[in-house]
Structures are given as structure tokens and as C-alpha cells.
Amino acid sequence: MMIENPTTITAQPGSPFIEVVRDFDAPPARLFRAYTDPELVTRWLGPRDVEMRLVEYDARPGGRYRYVHRDTEGDEHVFHGVFHTVAPGERIIQTFEYEGTPGVVSLDSATFEDLGGRTRLWSRSVFPSVEARDAMIAGGMERGVADSMDRLGELVHDEGEDRPEAGPVVLDITMSLDGYVTAPGAGPDHGLGVGGEILHAWVTDERTPRDAEILHRSFVDTGAVIMGRRTFDVVDGPNGWGDEVGYGHDQDQIAAPPVFVVTHSRPEKVRLRDRFHFVTDGLDSAVDKARAAAGGKDVVILGGGAIAEQFLRAGLVDILRIHLAPLILGGGTSLFPEGMPGSLRLEPLGSVSTPAAEHLTYRVIK
């Protein structure tokens, strides 16, 4: 069988590196899914003639993996490591250790370069010494890598027909009766404006069991979150999110979805590094990256008001979910400022009334 996209493996003499480059006829999101979905990993990782068994595979920062290759002679080879960086559709960095040579740990990275519907995969392994690198090559690593890349190419080509349908983009936001999503004076020290915390009474002090159900259902259905830079500056600030409070307020933050921040430039310092990914090339790119990470679940635009209005104006919102608080703010950040397109039409999908909010859901008609 002719291989249209050959794999290039480079191991320069005297260096502790192995570099692999391969083009794939699939977008980065599909490659990333093949790298992180345990059911798919077993279908490509390793030579064709080995049987693979996953013991553990938790592809998130701090998550561990361990798998067993059983060769044609019945011998088992066990590998394990820890994920350090998992940036959806962009990059994965992890350690790698063969249990047959304990203590010899390499640092492996995979970078997914978008070629416009196709992907160039750049992979690099850094070994603790030249001798360790050479020993791995002598043990048949090159054949394993070449076979894996060919199998991965076949998988992502076939998987194009079977991958999960993209979930909807949901703008979920709390608003006052006069159309404001913050009170006046919003900033890093007052994310909801001065005195604006009452907007979210349905989440905090006045939450009813029905409010709690709505909050939890939204959290469970969310696969990825998009926010603007101003909201990021609030939630990553000293009075923002932490181990107990984050997306979904007091939901289990261990299960919290990744967050994509739309910004012109990446911040120099990030307090909650593992939670955020930064998108500097526009709204469409943010949706693409978030959908790649969401695995068919909802992509939720969290705010603030300015970025929410931009997504509405760009026609990228499928569902508008407004939690209408029974209060008049008289000013602040408007969700519908002057200049919003007059053609924005909504189809009611449902409503739930609680003392602290009217929970309204609409489909955006396009």
C-alpha cells in the first residue's frame, strides 16, 4: 500500500532528541481527539503486530497513563507517564517511561499545526542522555513510531465519518430587566460592577432547588467554555476562581470543562494555568478550538457582555439562555447595545420561573 503522507523520523548523532514529522488529511481537532480519547488511542498507538491494553489513561494536566503492549511471542512491555500540558487542538506534553528500563524518562511533546483542514504533527522526545536515546532506537522505537503514524493516519481518515456531531454554541448569561449584565463600575475588583452581585442571587443567596437543578444541568452539559479577556482578568484575579469555586459556581471543579479566552495577546502571568487556553486569532477560531475539546457537548459563552455581544453579532450563537433577574440596574454593561442587528430573531424553547430569575431559553434563528 502506498503511503501518501510519509513519516520523517530524525535522530541526529550525538543528540538526546528524536523528532517526528507527519502530515495528516484531517483537521487538528480530529488528531487531538485520537490522542486523548482512550477508545481511539488503543487503535493506533504501537506496532501493528502487538496487542494493546490500557490500564489507565487520563489525558488532562496532572493525569496519568499506563498501557501494556503484548507482542507475538507473548511478552508484555509496559509504559507509563504523566500529562503536563493538554491544550485542545494545539499541544500535548507528557513524560514517557518504559518499565523495562526504570528511571529512564523522556519528555515528549506533540504539536498540531493547522494546515487548513489538514494537520502537520510535530513530535519531539527529549531523553536524559544520548545513550538513553540510542538504546531506545536500538530497541525498535523507529518501527513502532512509523507503524503508529500510519495507523493514526488510517484512523483519523475513517473517523471523519464517525466523529461526534458538534454541540451547540450556547450564550448563557444573567441579565437585569433593563438589559444589563453588570452594574456600573465593572472591573477586576468588581466583576459584576459595584453592587452587581445581586444579579446572581439565583446562584448564591436565593438559590432554590430548581435553580440548583438548572445550574447543575448546564454544568454537566458543558464541554468547553469561552470567555473574554476582561472576564478572565476577574476570575483569574486574587478574588476570583479557586479550588472550590469556578465555572458553575460551587460545582465539582475537578470535572470543570476547559476555558478558552479570546484575547489580543496572552497574559504574562496566569494564576490558574491548567484551566485556561488563549485564542488570539478571532471568534471563529475560539469556537473551533472549544468544539474540538467539547466532544459533542455544549460550548458555552460565559461572558462578559462585550464578548457575548460580539458572538451574537457574528452569528456564531445557536442558543441564547438568559437568566432574567427581577431588578433594574439603570446602567452598566448592556448585552444589547445600540447597533445590534435588527434582524436577530429568537425562537422560544423553554422557560422556568423561580423567585430570583426567569430562566429563558431561545434558539437563535439564522
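Here is a chat about the annotation, strands, salt bridges and cores of this model.

Me: What kind of model is this, and how are residues numbered?
Reply: It is a predicted model, with residues numbered from 1 along each chain as its sequence is written. Local features need pLDDT of at least 70 and side-chain atom pairs count only at pLDDT 80 or more, while totals for chains, interfaces and linings use all residues; side-chain values use heavy atoms, leaving out hydrogens and water.

Me: Thanks! Which residues does the UniProt domain annotation cover?
Reply: The unreviewed UniProt entry places "domain: Activator of Hsp90 ATPase homologue 1/2-like C-terminal" on residues 25–156. UniProt positions are given in the numbering used here, feature names are shortened, and annotations may be inferred rather than shown by experiment.

Me: And what is in residues 25–156?
Reply: That span is 29% helix and 39% strand, and its end C-alpha atoms lie 8 Å apart. Helices (H or I, at least four residues) and strands (E, at least two) are DSSP runs, numbered from the N terminus.

Me: Switching topic: is strand S11 mostly covered or exposed?
Reply: Mostly covered: in S11 (residues 222–228), seven of its seven residues are buried. Buried means under 20% relative accessible area, exposed over 50%, and partly exposed in between (1.4 Å probe, protein chains only).

Me: Which strands does S11 pair with?
Reply: S11 pairs in the parallel sense with S14 (residues 298–303) over five bridges, and also in the parallel sense with S12 (residues 259–262) over four bridges. Two strands pair if DSSP finds at least two bridges between them. On the S14 side, Ala224 stands opposite Val299, and on the S12 side, Met227 has Val261 as its bridge partner.

Me: What do S11, helix H6 and S12 make?
Reply: Together with H6 (residues 229–235), the strands S11 and S12 make a right-handed β-α-β unit. Right-handed means that, with the strands pointing away from the viewer, the path from the first strand over the helix to the second runs clockwise.

Me: OK, how many salt bridges are there?
Reply: The count comes to 21 salt bridges, each being a side-chain nitrogen of Lys or Arg within 4 Å of a carboxyl oxygen of Asp or Glu. Side chains of opposite charge can pair when their charged atoms come close.

Me: Which residue does Asp25 meet in a salt bridge?
Reply: Asp25 meets Arg118, at 2.8 Å from N to O. This pair links distant parts of the chain, 93 residues apart: Asp25 is in the loop between S2 (17–24) and H1 (28–36), and Arg118 is in the loop between S7 (105–114) and S8 (119–126). Asp25 is partly exposed at 39% relative accessibility, and Arg118 is partly exposed at 28%.

Me: What about Arg229?
Reply: Arg229 forms a salt bridge with Asp233, with the closest N and O atoms 3.2 Å apart. Both lie in helix H6, four residues apart, about one turn of the helix.

Me: Last one: which residues touch the most other members in the largest nonpolar core?
Reply: Among the 33 residues of that core, they are Tyr35, Trp44, Phe112, Leu121, Met149 and Leu152. A nonpolar core is a set of buried Ala, Val, Leu, Ile, Met, Phe, Trp, Tyr and Cys residues joined through side-chain atoms within 4.5 Å. Helix H4 (residues 141–159) gives the largest share of this core, six residues. A second, separate core has 29 residues, including Leu171, Val262, Ala286 and Ile322.
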